[in-house]
Amino acid sequence: MSFIYGCQCKLATFKIKEIRKMGKTEKRFENIIFVIFIIGFSYLLYVARTSESYSFDGVASMAFPSWIFIITIVLCSVGLVRNLLIKWKETAPQEPKTDLRIYLSLVFIIIYAALWNILGFCFSTILFLIIESKMLRPSCDWKKVTLIAISMTAFLVFIFGVLFNVDFPEPLIELLLG
Amino acid sequence: MNFATILAGVFSIIGNPVTLLWILLGTFLGLVFGALPGLSATMGVALLIPLTFTLSPVVAIGMMLGTYIGGIAGGAVSATLLNIPGTPSAVVTCLDGHPMAMQGKAARALGWAAFSSGWGSIVSWILLITISPFLAKMCTGFGSPEYAALAFFGLSIIAAVSGDSLIKGIIAGLFGVSLSFIGIDPIWGDLRFTFGSINLMGGISTVAALIGLYSIPQILNSCLDKDNEKITGKDLTIKNIVPPFKEQWAHKLNILRSSLIGTLIGIIPATGGNIAAFIAYDQAKRFSKDSESFGKGNPDGIIASEASNNGVCGGALIPMLTLGIPGDSVTAVLLGGLLIHGIQPGPALFANSPILVAGIFTTILVATIFMVLLQVFGIKIFVKTLNVPVNYLNSVLVVLSLIGSYAIRGSFFDVLLTLCFGTFGYLLSKAKFPMAPIVLGLVLGCMFEGEFRRALKLGGGSAKIFLTRPIALVFILIAFAIIISTIIKSKKSRAAK
């Protein structure tokens, strides 16, 4: 009991003494990253410990990764506990909420990449350039945006596809041209 | 080689305007490839090889070497202006180049990058033409203990590139090392963490990871920026771009030290510009009287990174030309290009084709001069690209990034990897985790693990083998000194805050 009481006292002193500077958003995201790392590396450690590890002599194939995973889990746990215990002094100005357009951009990028194998590189690039440019600057003229998207795609296809023989996926064009 | 042979080789290059034009074109294309995010120098040389089929061997080599030198130097352009490294070796340039650009000194930052690259190339060129056989013999004698110690030394630099938080830097570095475990075990050959995917058997592509971690978060973070608010072209006069000779002279030690580090790292096979840049940056920070300003726009950071990564060019050519062993990934592609043109690098090359060797040496110098001139006069154009409205610029950067990750192996899986790293990288950037240690861990993790285990096997399971190898021991001692001094410095700065 006295040991637990001692620990509690120490933690309380630690809580008051340590005042660190950090923004609210940074702290929230830092905790998210620590949790992701702890869960992810714990799973990888489980995989490393349960899979067949070859070793005729010397260090087994899963030994080195296991050491690294354990160190990472310990460091992330220390970081997370420290974040929860330390009294943070929020000196950073109140950050505005992340704009929806940033998340939309990320979604568009993922959809764009997925469309490479459906519409092909050319069509998906034209579509992406139009939608992304228009979404970021709604005031842009449709005609201008479309013209820039088509000419930029043509330029990229000429440089990489024709000049440097990069074989882009073009299922739709191949289907249309037979 | 006698004097007449050397003269004949030199004049075969500088006396032929067509050859000079091809070198200029190669250097220009290299700069463009290096400057565009997602497209690297390796990719530039690989894609240009088919274009050189119809050219004579000397012209073809000139063009490829120009692309190599231009490509490595060009990486600084996007690293400085966009905070997206154009090539893996320009990762370190981001640390000080972009903050300097944000202070309105974009042109001067690019000027420092150009001239440091030039000095780095020239120092490594001098070593190439003078003591290349001796250096090649020394560095190719590296065994597993030396490689493991070198990788450990490289990993000890994580602290220097961690930014404000050491613990975040170490976690990021360990994440990078963990990524390097994916694929085939370097000793026993069994599959690790591939989860049944054929695509993961070859490991994580460094280029895909780099593009994902740097390009996508930067594009997302800057997509709401107002047009032209970051960098304007006010200071775009040659006077402002070119660092005065007095200033360059004041940084002579950093230039020389970084160039030598680059050359030596370049000679060691299977290393590269990124490792050299990390080591040179760390050393520059340690020797600087103003180490606190590193990461906030200190020109010494740009000088260290650029002089060392271009120093690697000449260094990597030393074992390639003298022994036929490529020093880094670009020279591996370059070696293939030389073989296609019927040139077999190795000791026999110096004996059988001295004019060709003298021609290659001249080409490197000519390409270096072209690279500096193209950069100085191209800075106006580079900086003005930032005046392109953000909505168009960001959209095109996304497309270029995905093309870059796809084109290197023609694999759609690499595009998916880029997206995964991009999404996770965005979260990491929000939590202010440094990206450089991840790249360092990914590049060095596999090398350290494989060589360390091999060294242990050589030593019969005992780590004493590291104490019996002088070079390995020196690397380990320096690494421990770096780690201890970093911890002390970190404690002191925390106490001061």
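Is Arg454(B) buried or partly exposed? With a relative accessible area of 32%, Arg454(B) is partly exposed, where buried stands for under 20% relative accessible area, exposed for over 50% and partly exposed for what lies in between, computed with a 1.4 Å probe on protein chains only. Its partner Glu451(B), at 15%, is buried, and the two form a salt bridge whose closest N and O atoms are 3.3 Å apart; a salt bridge here is a side-chain nitrogen of Lys or Arg within 4 Å of a carboxyl oxygen of Asp or Glu. Because Glu451(B) and Arg454(B) are 3 residues apart in helix 20 of chain B, about one helical turn separates them.

The model is predicted, so local features need pLDDT of at least 70 and side-chain atom pairs count only at pLDDT 80 or more, while totals for chains, interfaces and linings use all residues. Residues are numbered from 1 along each chain as its sequence is written, chains are lettered from A and ligands numbered from 1 in the order in which they are written, and side-chain values use heavy atoms, with hydrogens and water left out.

We can begin with chain A. Its secondary structure comes to 7 helices and 2 strands, where helices (H or I, at least four residues) and strands (E, at least two) are DSSP runs numbered from the N terminus, and along the sequence these follow the pattern α-β-α-α-β-α-α-α-α. Of the 178 residues of chain A, 38% count as buried. One residue to look for is Thr72(A), which sits in helix 3 (residues 63-85) of chain A and is buried, with a relative accessible area of 0%. Not counting residues up to four places away in sequence, Thr72(A) touches Phe41(A), Ile171(B) and Leu174(B), contact meaning heavy atoms within 4.5 Å.

These last two partners lead us to the interface. The contact takes 67 residues from chain A and 60 residues from chain B, and between them the chains bury about 5,800 Å², 79% of it on carbon and sulfur atoms; buried area is the accessible area (1.4 Å probe) that two parts lose on being put together, summed over both. Trp188(B), Phe193(B) and Tyr392(B) supply 11% of the area that chain B buries against chain A, more than any other three residues. Across this interface the rule finds 3 salt bridges, and Glu30(A) forms a salt bridge with Lys168(B), with the closest N and O atoms 2.7 Å apart. The largest share of the side of chain B that touches chain A, 13 residues, comes from helix 18 of chain B. By class, that side of chain B has 42 nonpolar, 5 polar and 13 charged residues, with Ala, Val, Leu, Ile, Met, Phe, Trp, Tyr, Cys and Pro counted as nonpolar, Asp, Glu, Lys and Arg as charged, and the others, Gly among them, as polar.

Helix 18 of chain B, residues 390-407, has 18 residues and reaches 25 Å from its first C-alpha to its last, close to the 26 Å expected at 1.5 Å a residue, the expected span being 1.5 Å times one less than the number of residues. Since 18 of its 18 residues are buried, helix 18 of chain B is largely enclosed by the rest of the structure.

Within chain B, Gly120(B) has its place in helix 6 (residues 106-139) and is buried, with a relative accessible area of 0%. Gly120(B) and Cys313(B) are 193 residues apart in sequence, yet 8.7 Å apart in space, C-alpha to C-alpha.

Salt bridges also link parts of chain B. The side chains of Glu146(B) and Arg469(B) meet in one (2.9 Å, N to O); Glu146(B) lies in helix 7 (residues 144-155) and Arg469(B) in the loop between helix 21 (465-468) and helix 22 (470-496) of chain B, so the pair ties together parts that are 323 residues apart in sequence. Of this pair, Glu146(B) counts as buried at 6% relative accessibility, while Arg469(B), at 26%, counts as partly exposed.
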